[in-house]
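Subject: Structure handover

Hello,

Here is the structure we talked about, for you to open alongside this message. My notes on what turned up in it follow below.

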Amino acid sequence: MRKTLFRWFDSDVGHSFRTSPVAIGAAVIALICVFCSFFAGWVAPHNPFDLTTLELGDARLPPAWSPEGSTKYLLGTDDQGRDILSAVIYGARISLIVGFASVVLSVVVGVALGLLAGFRGGWVDAVLMRLCDVMLSFPAILVALLIAGVGRAVFPNAHESLAFGVLILSISLTGWVQYARTVRGSTLVERNKEYVQAARVTGVNSLRIMRKHVLPNVMGPVMVLATIQVATAIITEATLSFLGVGAPPTSPSLGTLIRIGNDYLFSGEWWITVFPGAMLVLIALSVNLLGDWLRDALNPRLR
């Protein structure tokens with residue numbers, strides 16, 4: 001593990017990372033957000049979803065630096081007396097899990113179909129690309145709304161795990177298309193190169209050629225696209241939750257917290273929606289900056 005890390009730091013990508021203050025800053029912010037979210041039980045000062053600890057008398061308290069604020073709640077409380085800081089940390093964990101899971105599922109499906117379409121060609125390529133065209137003709141958020149809405153209607157009393165599964169599926173259903181088209185274009189170039197022809201001559205079957213030879217050479221653009229799509233998936237999840245078809249109310253994500261705070265925005269309780277929104281922007285911005293750096297670092301023309 002240590003040798004691999006040192007080897008990465010000595011590579012061109014590692015040197016690009018060390019010499020890019022923006023990439024380092026974005027990575028630090030992203031790591032802090034991920035660490036706080038996944039270790040929320042130790043980092044958060046309160047458990048905002050433990051009903052036995054909520055005090056309705058502390059509802060809608062302003063941040064601690066306000067005259068009416070309390071040092072017990074650094075960023076104030078919401079309409080139920082939940083600590084905003086703790087709710088943001090726990091909500092970010094849900095948003096990150098849904099975002100990462102949906103991107104992983106999109107990558108697996110998109111890479112597999114794109115690799116198959118580009119390597120086999122013919123009617124397989126034609127059918128899969130027409131399917132991609134159909135998926136691209138619909139706005140991604142509308143497809144996600146449709147799947148999430150149908151899932152909630154079919155399983156109205158579903159367990160939280162099933163509800164999250166439907167949410168991840170609804171985001172992934174449109175996300176795989178970009179990976180499929182990207183991998184298909186790269187595979188069309190790689191399949192005619194000499195190393196692929198040599199593998200065919202030696203009797204290697206097509207599945208092994210795709211998995212062992214072609215796939216490693218088409219994963220560069222996929223890594224860049226996946227990094228950027230994590231932020232897009234998180235924002236899509238927040239949008240669905242804001243519209244009421246995302247995360248379950250018992251486990252609110254950042255989008256749900258923003259929707260709750262939106263009802264009190266014009267009555268003066270701005271902190272209920274501003275701080276979850278700021279957390280969402282911070283996560284999305286840091287991930288996007290990392291994606292931009294990775295795109296430039298993996299581009300041989302910019303080295």
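I will start with helix 10. A straight helix of 37 residues would span 54 Å at 1.5 Å a residue, but helix 10 spans only 46 Å between its end C-alpha atoms. Please keep in mind that this is a predicted model, and that the values here are computed from it.

Where does helix 10 bend? The bend is at Leu215 and comes to about 55 degrees. A proline, Pro216, follows within four residues. At the start of helix 10, the backbone nitrogen of Leu207 has a side-chain oxygen of Asn205 to within 3.2 Å. After helix 10 comes Gly244, with a positive phi near 95 degrees.

The chain as a whole

The protein chain has 12 helices and 0 strands, so to speak of its elements is to speak of helices by the definition used. Along the principal axes, the C-alpha atoms fill a box of roughly 75 × 50 × 30 Å. Of the 303 residues in the protein chain, 42% are buried.

The largest pocket

The volume of the largest pocket is about 540 Å³. Its lining is made up of 22 residues, and those nearest the centre of the pocket are Ala30, Phe100, Thr227, Val287 and Leu290. Five stretches each supply at least two lining residues: helix 2 (12-18), helix 3 (21-38), helix 5, helix 10 (206-242) and helix 12. Which helix has the largest share of this lining? That is helix 12, with 6 residues. By class, the lining of the largest pocket holds 20 nonpolar and 2 polar residues, and no charged ones.

The second largest pocket

Helix 10 also supplies at least two residues to the lining of the second largest pocket, as do helix 5, helix 6 (122-136), helix 7 (140-154) and helix 8 (160-190). This pocket has a volume of about 260 Å³. There are 18 residues in the lining, and Ala140, Ile171, Thr174, Gly175 and Gln229 lie nearest the centre. Helix 8 gives the most, with 6 residues. The lining of the second largest pocket is 10 nonpolar and 8 polar residues, with no charged residues.

The cavity

Rolling a probe the size of a water molecule over the atoms shows where empty space is left. How many cavities of 30 Å³ or more are there? The count comes to 1. Helix 5 (84-120), helix 11 (254-262) and helix 12 (271-297) each supply at least two residues of the lining. Helix 5 gives the most, with 3 residues.

To look at these sites in the viewer, Leu215 marks the bend in helix 10, Phe100 is one of the residues nearest the centre of the largest pocket, and Gly175 is one of those nearest the centre of the second largest pocket.

Regards

Technical notes: Residues are numbered from 1 along each chain as its sequence is written. This is a predicted model: local features need pLDDT of at least 70, side-chain atom pairs count only at pLDDT 80 or more; totals for chains, interfaces and linings use all residues. Side-chain values use heavy atoms; hydrogens and water are left out. On a 1 Å grid over the protein atoms alone, a cavity is a set of points where a 1.4 Å probe fits but cannot get out, and a pocket is an open set with protein on both sides within 12 Å along at least five of seven lines; lining residues have an atom within 4 Å of a point. Grid points are joined across faces, edges and corners, and a volume is the space filled by probe spheres set on the points. Ala, Val, Leu, Ile, Met, Phe, Trp, Tyr, Cys and Pro count as nonpolar, Asp, Glu, Lys and Arg as charged, and the others, Gly among them, as polar. The expected span of a helix is 1.5 Å times one less than its number of residues. The bend at a residue is the angle between axes fitted to the seven residues ending there and the seven starting there. A polar contact is a pair of N or O atoms within 3.5 Å; within protein, one must be able to donate a hydrogen and the other to accept it, and residues adjacent in sequence count only if both atoms are side-chain atoms. Buried means under 20% relative accessible area, exposed over 50%, partly exposed in between (1.4 Å probe, protein chains only).
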